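Subject: Structure handover

Hi,

Here is the structure for your set-up. My notes follow below it.

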Amino acid sequence: MAEPTLPSLNNLTLSDTITEAEFSQRVLIRSILCRSDSGAGLAGQTIKVGGWVKKGREQGKGTFAFLELNDGSCPSNLQLIIYADVAPLGQVVPTGTCLHVEGVLQMPPEDKQGKQSIELKVVKVLEVGSVDPAKYPLPKTRLTLEFLRDYVHLRPRTNTISAIARIRNALAYATHTFFQKHGFLYVHTPIITTSDCEGAGEMFQVTTLINEAEKLEKELVKNPPPSQEDVDLARSVVKEKGEIVAKLKSDKAGKPEITAAVAELTKAKENLSKVEERFKLKPGIPKKDGKVDYGQDFFARQAFLTVSGQLQVETFACALSSVYTFGPTFRAENSHTSRHLAEFWMVEPEIAFADIEDDMKCAEAYVRFLCQWLLDNCLDDMEFMVEKFDKKAIERLKMVASTNFVRLSYTEAVTILEEAVSKGHKFENKVEWGIDLASEHEKYLTETKFESPVIVYNYPKGIKAFYMKVNPDKKTVAAMDVLVPKVGELIGGSQREENYEVIKERILEMGLPLEPYEWYLDLRRYGTVKHSGFGLGFERMILFATGIDNIRDVIPFPRYPGRADL
């Protein structure tokens, strides 16, 4: 069965007429320029376009100007020619200006046709979003990606970030296409969780205790709590009112009189309750037995931002067989490296009735599908990446899309690395059985030894998570990592441990409490099933595809230590 693909922008052919983009009063620039004739066949048509000025220059002693307009639909800019009698040129020329215009497509002069196959002669300016060029922070000069992180709200207007956004979008579309095509059900797993999937404890806590404590502190300053004397006074009033009611009853007073006295007593008791409640209020985080009292928190227990949707999506795999989740995950790791984010996205499929071999097959097929999808649908943006960042980016995609991944056990991988050391290759991290492979080890295997993606499987039990299937040797688990050139580990997965006693023992071995995982153990108690899955770091896939060096530049709104803009 042929793989479904989007129409390739590079082979896109349109009829002699072009229609406005749906839900927008304009024509997409890509529908003009990304034709087999590069738009030349559209000369004479009147259209509306909208976008942002990349470059502008006045010509003919200020009688007209050339503008390069981009609307984000493709890397290419549409050239506009606008005369001074149509609009004040000083208003439309500055870089960053937003224009919505109507004009006629025309062939440029013969001596300019090598640069532009078609241009738009503006006949009417519909809207202008003006820019003060003295203050606009993104001039037309080349800007570093590090500089752009300080303008995260404006950086999508740059060629690089807009190209990455289109590549990211294509990879997300490809992800859903792949799994839907293979019968997987998309499941939305929770962002707030009470269990630690990885067992590392590097989780962001979700709590209202701090806010509530701050509110209480302000309120107590404004309205001080009652003193012990106030409490004693309120109690004496209750006692006094109670004695009055008792006396009236013993004196067999009239019903109206007794009813009125009882009402007074009730009011006194309510007042005492309020006074005692406020008397007990203390500023700060509530404590119980010397520890934070999470029973008073919003969820009545500790809660965190998820580090993975895997455990939760397993519940659906154990009922619906093939499922996947694709969403944000969080890690409170105080790391400033180019490979770490505090918030990142994960693609996590889970397959019932599947072992580690099935898992590796699925992971390889998925990665190859993603690479081919970019080649089929994002070649123009990938060519931009090749030109600006990584000359081997397209070559790397083609290699992975067409290559069967090398498979070797962890033990075989360590042996290969030890042989490299014996022949003079130097690694910063020591190579020995039992280590967690470092990035330099992964790159050696993929870029030097095999020049190919590599799947390493059967890792030592001691360096892997509690949920991974323990192998018969009792030393290793049925875990696998997909390693690729440029980034190293792209996917981590495993066959899950379905045996109740074994996984219970593993949880205790790792020093984790059983209580938060009782629901997870239920999957092994009731109708247990062999199942496997993996997680792909979505930003790592974009790093691999584009050749960008820092993960902060391939996510729309990066969060890392000290930064959470917008």
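In which sense do β12 and strand β13 (residues 343-352) pair, and over how many bridges? They pair in the antiparallel sense, over nine bridges. Strands are DSSP runs of E with at least two residues, helices runs of H or I with at least four, all numbered from the N terminus. Pairing takes at least two DSSP bridges between two strands.

Some ground rules. This is a predicted model: local features need pLDDT of at least 70, side-chain atom pairs count only at pLDDT 80 or more, and totals for chains, interfaces and linings use all residues. Residues are numbered from 1 along each chain as its sequence is written, and side-chain values use heavy atoms, without hydrogens and water.

Strand β12 covers residues 322-330. Nine of its nine residues are buried, so the strand is largely enclosed by the rest of the structure. Buried means under 20% relative accessible area, exposed over 50%, partly exposed in between (1.4 Å probe, protein chains only). Towards β13, G327 stands opposite M346. β12 also pairs with strand β6 (residues 185-186), in the parallel sense over two bridges. There, Y324 is the bridge partner of Y186.

Now E539. It sits in helix α16 (residues 538-546). E539 is buried, at 2% relative accessible area. Its side chain reaches the backbone nitrogen of W345 at 2.9 Å. Leaving out residues up to four places away in sequence, E539 touches R168, L341, F344, W345, I551, V554 and I555. Contact here means heavy atoms within 4.5 Å.

Best wishes

Methods:
Polar contact = N/O pair within 3.5 Å; in protein donor to acceptor, adjacent residues only side chain to side chain.
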